[in-house]
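My entries follow in the order I made them.

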Amino acid sequence: MRDRSRLLKDAEPGTRGPVLHWMRREFRVESNPGLLLARELAEENGVGLGVVVCLPEAHELPSLRQLRFLLDGLRPLQARLRALNIPFFLRVGDPAAQVADLARSARISALTTDFDPLRPAGRHLRTLLETVNAPVWESDGRNTVPCWLVSDKKEYMARTIRPKIHRLLPEFMASLPALRAAPAPWPAQAGTAPAGEADWSAAEAHAAKAYPAAPVDWVTSAEQTGEPQGGQRLDAFVRGGLRGYAENRNDPVKDASSRLSPWLHFGFLSALDAALAAAKSSAPQEDKDAFLEELIVRRELADNFCLHEPRYDALDACAAWAQATLDKHRGDKRSYVYDFNTLEKGETHQPLWNAAQRQLVDEGFLHGYMRMYWAKKILEWSPTPEEALDAVVRLNDCWSLDGMDSNGYAGAAWSVCGVHDRGWAERPVFGSIRYMNSNGARRKFDAAEYVRRYAGVEQARAFASRK
């Protein structure tokens, strides 16, 4: 697994202790290069292997619906690891401190972890590198091609990163081996709690501190989350949803998207496995190409953006032309201005936008086309571009089941800041940032039906009466 990994710290551990894998982005057993690397290192040294997951501090917690989804998926993960003689430690609080504490008490010989380009993850990892006296490895299990191998700079747009990815795809588009049982037991004295035990009560109490977005009704229990269910959903999509994807995916009423994003976001599902399944399917090539473009190129572009742009959720991420055009139109009159609470409740004058916001709140999901329209209207109705971007990011992170993800930050920056886009015809408020309106939606799909479905009959009537 060293081809998908990089050594961040080379140190002599001075011990023959176990290997610890810090699972922070890829919460699965199979097709997990970081966990596979940990298994390799454990076998080389003839030592045990353990996995630790840390729920972050309160100020870094996502929403309750996200944590509920994660915790429900961690329970079957614990069972699968136990069957492989790999203890599972669930900790709460500052991840760097918690991992360092376990590493010291276990006297580990190596630490492996998942690649994560977001700021909190980078901060925790830098702190850990200073405190752990053992080799530290990072593995990219999120992208089909490791992000750092694709490009060493922030790419301008999809067309600039696509050939770099495709050049490396033949090398990395291959199945990973199955994870085998740990080569030795975890030391009985390692850790402050019995090996393999997790304090689920403490985790549940900690989750209650998160933003109070209720769990969604289309994912209601542990039976519908986790790694096994991610695989089942992938199989169902490849068999029944991939055919016709290229034509239907942009229609929010047909709802032809894969809806795999929550499982991909939490790493319950491997993007590599999804890509291989789609590529081997009997669906028409145009459908496979459309899905693989989104699954591989667009997701890789988002990780590239967050890796090389420290201020990925701020206006600083704009290109110079976008900064200039937004500054030029700061003083433009806004026909409508809404505060965050009004937006969150979906109580604007625009029925189509209200329907999108209510779908986000009710389902924790927003169709890709509607997400773009939704974000651009927030720019149009906010006093400043900074307030618009902040509202887009907060609403998505609080309510989307796949919030706090590089895809979400890149999408927000595209919609509000023109990142990964080009300049368009100049108009008020937007300047040269790409514009979208409800008339465009009417031409693409049955927008009135979408409003009826998510905002109700009265809003649909109001929408149908407007031109």
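**Ground rules.** I am reading a predicted model, where local features need pLDDT of at least 70, side-chain atom pairs count only at pLDDT 80 or more, and totals for chains, interfaces and linings use all residues. Residues are numbered from 1 along each chain as its sequence is written, and side-chain values use heavy atoms, with hydrogens and water left out.

**Entry 1: H16 and H18.** I started with helix H16 (residues 368-380) and helix H18 (residues 406-417). Helices here are DSSP runs of H or I with at least four residues, strands are E runs of at least two, and both are numbered from the N terminus. The two axes come within 8 Å and cross at roughly 50°. An axis is a line fitted to C-alpha atoms, for helices over the stretch in contact, and angles run from 0 to 180 degrees between N-to-C directions. H16 and H18 are therefore oblique to each other. I noted the angle classes: under 35 degrees is roughly parallel, over 145 roughly antiparallel, 65 to 115 roughly perpendicular, and the rest oblique. H16 passes H18 in a right-handed crossing, meaning that the near helix is turned clockwise from the far one by less than a right angle.

Which residues meet? From H16 I listed Met-372, Ala-375, Lys-376 and Leu-379, and from H18 Trp-414, Ser-415 and Val-416. Contact means heavy atoms within 4.5 Å. The residues of this contact divide into 5 nonpolar, 1 polar and 1 charged. Ala, Val, Leu, Ile, Met, Phe, Trp, Tyr, Cys and Pro count as nonpolar, Asp, Glu, Lys and Arg as charged, and the others, Gly among them, as polar.

**Entry 2: H12 and H18.** Next I took helix H12 (285-308). The axes of H12 and H18 come within 8 Å and cross at roughly 80°. That makes H12 roughly perpendicular to H18. H12 brings Arg-298, Arg-299, Ala-302, Asp-303, Phe-305 and Cys-306 to the contact, and H18 brings Ser-406, Asn-407, Tyr-409, Ala-410 and Ala-413. I count 6 nonpolar, 2 polar and 3 charged residues there.

**Entry 3: the cavities.** A cavity, on a 1 Å grid over the protein atoms alone, is a set of points where a 1.4 Å probe fits but cannot get out; a pocket is an open set with protein on both sides within 12 Å along at least five of seven lines, and lining residues have an atom within 4 Å of a point. Grid points are joined across faces, edges and corners, and a volume is the space filled by probe spheres set on the points. I found 2 cavities of 30 Å³ or more.

The largest cavity holds about 50 Å³. Its lining includes Arg-4, Arg-28, Asp-140 and Leu-176. That lining has 4 nonpolar, 4 polar and 4 charged residues.

The second largest cavity holds about 30 Å³. Arg-299, Asp-303, Ser-406 and Asn-407 are among its lining residues. H12 and H18 each supply at least two residues of this lining. I see no nonpolar, 3 polar and 5 charged residues in it.

**Entry 4: the second largest pocket.** This pocket holds about 1,000 Å³. Of its 45 lining residues, the closest to the centre are Glu-60, Pro-62, Leu-118, Pro-120 and Met-404. Elements giving two or more residues include strand S3 (49-55), helix H17 (385-399) and H18. H17 gives the largest share, 7 residues. The lining divides into 25 nonpolar, 7 polar and 13 charged.

**Entry 5: H20 and H21.** Last, I checked helix H20 (residues 447-455) and helix H21 (residues 457-465), which pack at about 155° with axes 7 Å apart. They are therefore roughly antiparallel to each other.
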